[in-house]
Amino acid sequence: MKKTLLIEEGPFETRSALLNDDTVVELQIERPGNISRIGRFYNGRVSKILPDLNIAFVDIGEKTDGFLQLSDLQTKSANLNSAITEGERLLLQVIKDAKGDKGPQLGARFALHGPNLIYRPSGKGLTLSKNIKNANNRNRITKLLGEFAENAGITVRTNANKTADQLLLSEIKSLISEWEEISAEKSASEKPRPIGKPESPLTRILQTLFTGDSKVIVNNAAALNATKSYLIHKLSGLEADIELWNRQEPLFETMGANAAIEQALQKRVPLKSGGNITLEPTEAAIVIDVNSASHTRRDGRRSAALSVNLEAAAEVCRQIRLRNYAGTIIIDFIQMNGKGDAGELSSFLQNQLDQDSVPSRMIGMTEIGLMQITRKRTRPQLSDIMTRSCLQCDAYGFVPNDITLMAGLYRELQDVIRFSPGASLHIKSGTGLALRLERQKAMLEKELAKPISILIDTALSESEYQIL
């Protein structure tokens, strides 16, 4: 399977799409003011302990305190009061991003992630992914990394299955060196603050989605140089396949990533068989319904119901990854009556879930025939990043948020310049968007190397615009 990571960098957001062969299977959008902090280290100071809840608030040198639970510490203490004290300074790592008024969740079960390995300095032993099934490969990797796991924990990810020994050795040494740098910086720090090198939207994407066997295609020279620099630091022996997109057509449009993003924001997704799936996020769970529509013919030995369910299972798993759904997921498959159908569907679904880098667990069918899955919460949902509630439809609908609008407009202006280099840039928009554009005008003109004129048209809505 050929893996390709597309990266499209811009001033408002950096978008990425991971392709398996020619199919987009994962999306990640990072914005300068809202980069995920999961995995980030902090020198924290315990500001307050709530003994009844076994929770502590921790000053991390930012506007909002983080919080710490007893279960996220490396301790045998029965309660938080006996494990830490108010005023104590601790090295902590972000487990979950801040949400709403709630600060980031912190922990001391440290983990440093590479493309193929996870290094746990406080752990011990070597753990190999269950998807590395070849005995010779398992023995090779165990022999290669065994000595490093005598005083630390190392988890070998599925990607390592096809990675050369020299690269694995380079990666583990790089992770150990990174940990030593973090420890030294913590020892020299007095005030609560972040520890380690600051991340950019681009480096965050590479840390999450890059694998050693991925080809990387970027949309500009700055992103190309930054990608090379990051990979040299992380994997010094890797001869990565990094390409600069130099075609006139936009990268995401040509490679199908724009279409995948648009579909991942829709409630209904069609299936090739003629059926469809509907995906409905609720407060309690993500509810997914499979509809066969007009498909009633058998597929070889399989019943029509099983055939549609198998197709739907593959698309459900893809959409879960694209949308970054997490928590409890309930799937209402089409009822099947054939002997062994439920087992075949469950086995296929598990196989599809195993392709996901985010951990999930298939709980199984309920008595009323609903499939239950849980998936670890990592990044925000795609819709939370790109949309906001629609005030004109009683908050039941969603529209692009301000950054999504500005990023889309910037890409359209790039297209105008690309296809008509001599064209002037005139934007007519509603009052609200025009005011936002005026605030960003100098930056846009610098990025595009062209003057821009902005006209207000009160006939347009607050978020509408036209490029003249």
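The largest cavity has a volume of about 70 Å³. A cavity is a set of points, on a 1 Å grid over the protein atoms alone, where a 1.4 Å probe fits but cannot get out. Grid points are joined across faces, edges and corners, and a volume is the space filled by probe spheres set on the points. The model is predicted: local features need pLDDT of at least 70, side-chain atom pairs count only at pLDDT 80 or more, and totals for chains, interfaces and linings use all residues. Residues are numbered from 1 along each chain as its sequence is written, and side-chain values use heavy atoms, with hydrogens and water left out.

Rolling a probe the size of a water molecule over the atoms shows where empty space is left. By this rule, four cavities of 30 Å³ or more were counted.

The largest cavity is lined by Glu8, Glu9, Gly10, Pro11, Phe12, Glu13, Arg15, Asn219, Ala407, Tyr410, Arg411 and Gln414. Lining residues have an atom within 4 Å of a point. Strand E1 (3-9) and helix H11 (402-419) are the elements that give two or more residues to this lining. Helices (H or I, at least four residues) and strands (E, at least two) are DSSP runs, numbered from the N terminus. H11 provides the largest share, four residues. By class, the lining holds four nonpolar, three polar and five charged residues. Here Ala, Val, Leu, Ile, Met, Phe, Trp, Tyr, Cys and Pro count as nonpolar, Asp, Glu, Lys and Arg as charged, and the others, Gly among them, as polar.

The second largest cavity has a volume of about 60 Å³. Its lining consists of His113, Gly114, Pro115, Leu206, Gln207, Phe210, Tyr230, Leu231, Lys234 and Leu235. Two or more of these residues come from each of helix H4 (201-209) and helix H5 (221-234). The largest share, three residues, belongs to H5. Six lining residues are nonpolar, three are polar and one is charged.

Gln28 lies in strand E3 (residues 23-30). Contacts of Gln28 (heavy atoms within 4.5 Å) include Thr14, Arg15, Ser16, Arg204, Ile205 and Arg379, not counting residues up to four places away in sequence. The C-alpha atoms of Gln28 and Ser16 are separated by 5.2 Å, although the two residues are twelve apart along the chain. The side chains of Gln28 and Glu30 form a polar contact of 2.8 Å. Such a contact is a pair of N or O atoms within 3.5 Å; within protein, one must be able to donate a hydrogen and the other to accept it, and residues adjacent in sequence count only if both atoms are side-chain atoms.

Note on methods: 1 Å grid on protein atoms, 1.4 Å probe; cavity = no way out; pocket = protein on both sides within 12 Å on 5 of 7 lines; lining within 4 Å.
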